[in-house]
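Here's a quick briefing to read alongside the model. Have the sequence and the 3D view open as you go.

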Amino acid sequence: MGTMHQHGEGGGGLPGAVLVALLLLGAAGGYLLAARRARRRNAVQGWSPWRSASFLTGLTLLAVALLPPLAPAAHSDFRGHMAQHMLIGMYAPLALVLAAPVTLLLRTLPHDQARRVAVFLHSPPARLLVHPAAALTLSTATLAVLYFTPLYNAAMAHPAGHWLLHAHFLASGCLFAHVIAGSDPAPTRPGVRGRLVYLGIAIAVHALIAQAMYGGFFIDVHAPIDQVQQGAEIMYYGGDIAELLLAGALVATWRPERHTTTARWRGRPGIGAPTPR
């Protein structure tokens, strides 16, 4: 554990903040337009405003993480980095996947395009990527590689590396949240007991990494000791809250008929995903 904390400027300054804000606003506008189109196509079926609110909540959490004042602080303070990690990798993904963006996309695309998307989602590479073991490895096991090797220091020393970390946290977090409690269909999603096992493993690994970080075991982060320990506390307690929310979402989104519906969708890729209730 180092005593110096030297990071590159990874935030991009004002231009970077403006670009992030525009991208988030674009995503919000695109989702709301798609939801409006879904309601117009089928007024009876409609589209849940709670799903729209969930998507906007996820984008708001990303904005908090990627815009000032937190974003600049994360480049010079490990505690800021860890707060970013929690928001981008755990809290925002849960809100985003509960918004069922894939189902919305399939309902609003033209039939031929929706069919191509559905076929891709059921292709072997896509099925491997959303397998629970793969999602668990990408979202949780890679944290040991990040913080117990020089990878974190190397990534934080370059702007591109910092943004790649953000992209990894968001993508892997969305994958794991989708596998555990996503509203979109998932062909390789196990039953509730299986998902609870994977969630339990994630909780245990997350806690062990945070405890090792706090105790200074194996950690390779160039930051003051007090910052690393406080960052570990953010990881430990913030992760516990996020994983409790994920468990709650699993219970709230579970339906007895879920496997039948998913199997029917898998057998008819041209039809698109079932509409979430």
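**Quick look at the fold**

The protein chain has 13 helices and zero strands, and what you're looking at is a predicted model. Reading along the sequence, the pattern is α-α-α-α-α-α-α-α-α-α-α-α-α.

**Whole-chain numbers**
- Of the 277 residues in the protein chain, 47% count as buried.
- Take the contacts between residues at least 6 apart in sequence: 79% of them join residues at least 24 apart.
- The protein chain's accessible surface is about 13,400 Å², and carbon and sulfur atoms account for 69% of that.

**Nonpolar cores**
- The largest nonpolar core has 46 residues, and Phe 78, Tyr 147, Tyr 152, Met 213, Val 221 and Met 235 have the most contacts inside it.
- At least two residues of this core come from each of H1, H2 (49-66), H4 (78-97), H8 (132-148), H9 (151-156), H10 (159-181), H11 (192-215) and H12 (225-253).
- H4 gives the largest share of this core, with nine residues.
- Leaving out residues up to four places away in sequence, Tyr 147 touches Phe 78, His 81, Met 82, His 85, Tyr 152, Phe 169, Met 213, Phe 218, Ile 219, Asp 220 and Val 221.
- There's also a second, separate core of 16 residues, including Leu 136, Ala 177, Val 179 and Ala 202.

- Leu 14, Val 18, Leu 22 and Leu 25 make a nonpolar surface patch of about 430 Å².
- Val 18, one of these four, sits in helix H1 (residues 13-41).
- With a relative accessible area of 41%, Val 18 is partly exposed, and that clears the over 30% cut-off for patch residues.

Technical notes. Residues are numbered from 1 along each chain as its sequence is written. This is a predicted model: local features need pLDDT of at least 70, side-chain atom pairs count only at pLDDT 80 or more; totals for chains, interfaces and linings use all residues. Side-chain values use heavy atoms; hydrogens and water are left out. Patches are made of residues with over 30% relative accessible area and no salt bridge: like charges are joined within 9 Å, nonpolar side chains (Val, Leu, Ile, Met, Phe, Trp, Tyr) within 5 Å. Accessible areas come from the Shrake-Rupley method with a 1.4 Å probe; for residues, only the protein chains shown count as cover. A salt bridge is a side-chain nitrogen of Lys or Arg within 4 Å of a carboxyl oxygen of Asp or Glu. Helices (H or I, at least four residues) and strands (E, at least two) are DSSP runs, numbered from the N terminus. Buried means under 20% relative accessible area, exposed over 50%, partly exposed in between (1.4 Å probe, protein chains only). A nonpolar core is a set of buried Ala, Val, Leu, Ile, Met, Phe, Trp, Tyr and Cys residues joined through side-chain atoms within 4.5 Å. Contact means heavy atoms within 4.5 Å.
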